Amino acid sequence: MDVYLLPAAMRELPPPWNDLTYRRSQALEELAPTEERCEEARHVLRVCLPERRQSVHDWDEELRDFYDDRDDHTLDEADAWLTRIMPTTSQVTRQRVAQVVGVWADMRIPTVSAPPTDQQIDTVAAEWATSVRQALAHDAFAFIERATVSGSLSDPETQDIALLACGFVRVGLAVEAATRVLVSLGRPRGEDALLDLVRDAEVQDFRPFVRSRLLRLRRSLYETRAREVPRDEEPLLPDGLRGLSHSWQNDFDWGATAPDGKSLARARSALEASLAVERSPGVGRSYGGAPVDWDAIAEVVRALMPYPRLVTRERMNEAWHECESLGFDLRGTDAVSFAGVWCARIADRVTAAVFRWLADLPHVEGATGHKEPEALSTPVFWAAGLAERSVRRGSAVEEAIWFLHRTDDVPDSREALLRLASDPSLPAATREAARQWTV
């Protein structure tokens, strides 16, 4: 007796939902998302939602690695046999999966023996059933999204859709499509659902993806806050940094800044101010014995404080609270430590931008009697010492060493490189980075 791999409710789905071929998606694109059809799509989601977390395609990771970058269609042909033998949900059975696996054996697919074992058949059967659930759910969410965008859904309907989408994210199926629907629901319905998901440990490895979509919804709130002029707020960066007009959105880039006396003075002031920022123990390291994902957190901090003048105690506290509400694992980092980490990181990024700019300026050793070349040669002498100090404190190491290399025709820069290359107190990677330019 053959064994059905899908529950009766899935086997009895009406057309085009029961179609497992490419024709299903084509048919759905031609249908208008009416109230009746959206209810039908929600029914599809209910019957496809499994009770526990599912894995998809774990069985063929080795197979896909084998065919990676190969210029043939063997893997596509192997997959096509699944829907060729089981074109509808009512035909998804173990016996038909066994037929497919037998064909794969004839095709000499490397992960299938000849003849196939029962274990291989059972593994493919389980994964194929899960893949069917995911494919149907993906199309159902895509269909419903068209209705959410048009605003034709009632409040009870959006609540039901949000619950279904969260359910699929938690079991790891159709995560992208489900999350996209939640984003389309907007605030507050979709936003509240996404917030619940990013705080839920059950979501596991999908949390970063869900959080990235949630940030898109909340970005307008950050931008509104960033447009507010600081009033009676405590600045956290020195004057030499607060006066900069360069934006973090552009990585504090100085590339288009004309190299004149004023800009060079600002650059020097910025470097000296960055060196005055206290180094936090959390910069580049971790709290609580495990790394904090500072790079992901940067999106929140950068959006709230895109300019150095906006870096205040109050806004850092807001950023810290926001990161906690977004489910970031801060590993016990309190608001004060959080602010210390980000002040140092911002100073590092400004330092890197300044040294990149200085390294690209034309440099002439000594005064030449011509006003512009003389002005452009001046930074070499004062910046070499600042570059060495930056390297020694672990700030913008790559950019500072590159600046010293670009100006190594000047004794101060060349001597700084030699000292850095031979100092045993520095990390081996830093010494090697300097040494490569001293040979």
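This passage walks through the fold of a predicted model, from the whole chain down to a few single residues.

A word on ground rules comes first. Residues are numbered from 1 along each chain as its sequence is written, and side-chain values use heavy atoms, with hydrogens and water left out. Since the model is predicted, local features need pLDDT of at least 70 and side-chain atom pairs count only at pLDDT 80 or more, while totals for chains, interfaces and linings use all residues.

The protein chain holds 20 helices and two strands; these are DSSP runs numbered from the N terminus, with helices being H or I of at least four residues and strands E of at least two. Of its 439 residues, 47% count as buried. Here buried means under 20% relative accessible area, exposed means over 50%, and partly exposed is what lies in between, using a 1.4 Å probe and protein chains only. The accessible surface of the chain comes to about 21600 Å², and carbon and sulfur atoms own 48% of it; such areas come from the Shrake-Rupley method with a 1.4 Å probe, and for residues only the protein chains shown count as cover. As for contacts (heavy atoms within 4.5 Å), look at those in the chain with a separation of 6 or more: 73% of them are between residues 24 or more positions apart.

Two packed helices are described by the angle between their axes and the distance between the axes. For α10 and α11, the axes come within 9 Å and cross at roughly 140°. Axes here are lines fitted to C-alpha atoms, for helices over the stretch in contact, and angles run from 0 to 180 degrees between N-to-C directions. Angles under 35 degrees count as roughly parallel, over 145 as roughly antiparallel, 65 to 115 as roughly perpendicular, and the rest as oblique. The α10 and α11 pair is therefore oblique. Its crossing is left-handed, a label used if the near helix is turned anticlockwise from the far one by less than a right angle, with right-handed used if clockwise. On the α10 side, the contact is made by Gly 190, Glu 191, Leu 194, Leu 195, Leu 197 and Val 198. On the α11 side, the residues are Arg 207, Val 210, Arg 211, Leu 214, Leu 217, Arg 218 and Leu 221.

Now take another pair, α5 (residues 74-85) and α6 (residues 94-106). These two pack at an angle of about 150°, with their axes 9 Å apart, so they are roughly antiparallel to each other. Their crossing is right-handed. Ala 78, Trp 81, Leu 82 and Ile 85 of α5 meet Arg 96, Gln 99, Val 100, Val 103 and Trp 104 of α6.

In the loop between α6 and α7 (118-150) sits Pro 115, joined to Ala 114 by a cis peptide bond with omega of about 0°. A cis peptide bond also joins Arg 187 and Pro 188, with omega of about 5°, and Pro 188 is in the loop between α9 and α10. Arg 108 is not a glycine, yet has a positive phi of about 60°. Arg 108 is found in the loop between α6 and α7 and is exposed, with a relative accessible area of 76%. Ala 174, in the loop between α8 and α9, has a positive phi of about 50° although it is not a glycine either. Is Ala 174 buried or exposed? At 5% relative accessibility, Ala 174 counts as buried.

Finally, Ser 395 lies in the loop between α17 (371-392) and α18 (397-406). Its relative accessibility is 2%, so Ser 395 counts as buried. The side chains of Ser 395 and Asp 348 are joined by a polar contact of 2.6 Å. A polar contact is a pair of N or O atoms within 3.5 Å; within protein, one must be able to donate a hydrogen and the other to accept it, and residues adjacent in sequence count only if both atoms are side-chain atoms. Leaving aside neighbours within four places in sequence, Ser 395 is in contact with Arg 279, Asp 348, Thr 351 and Ser 390.
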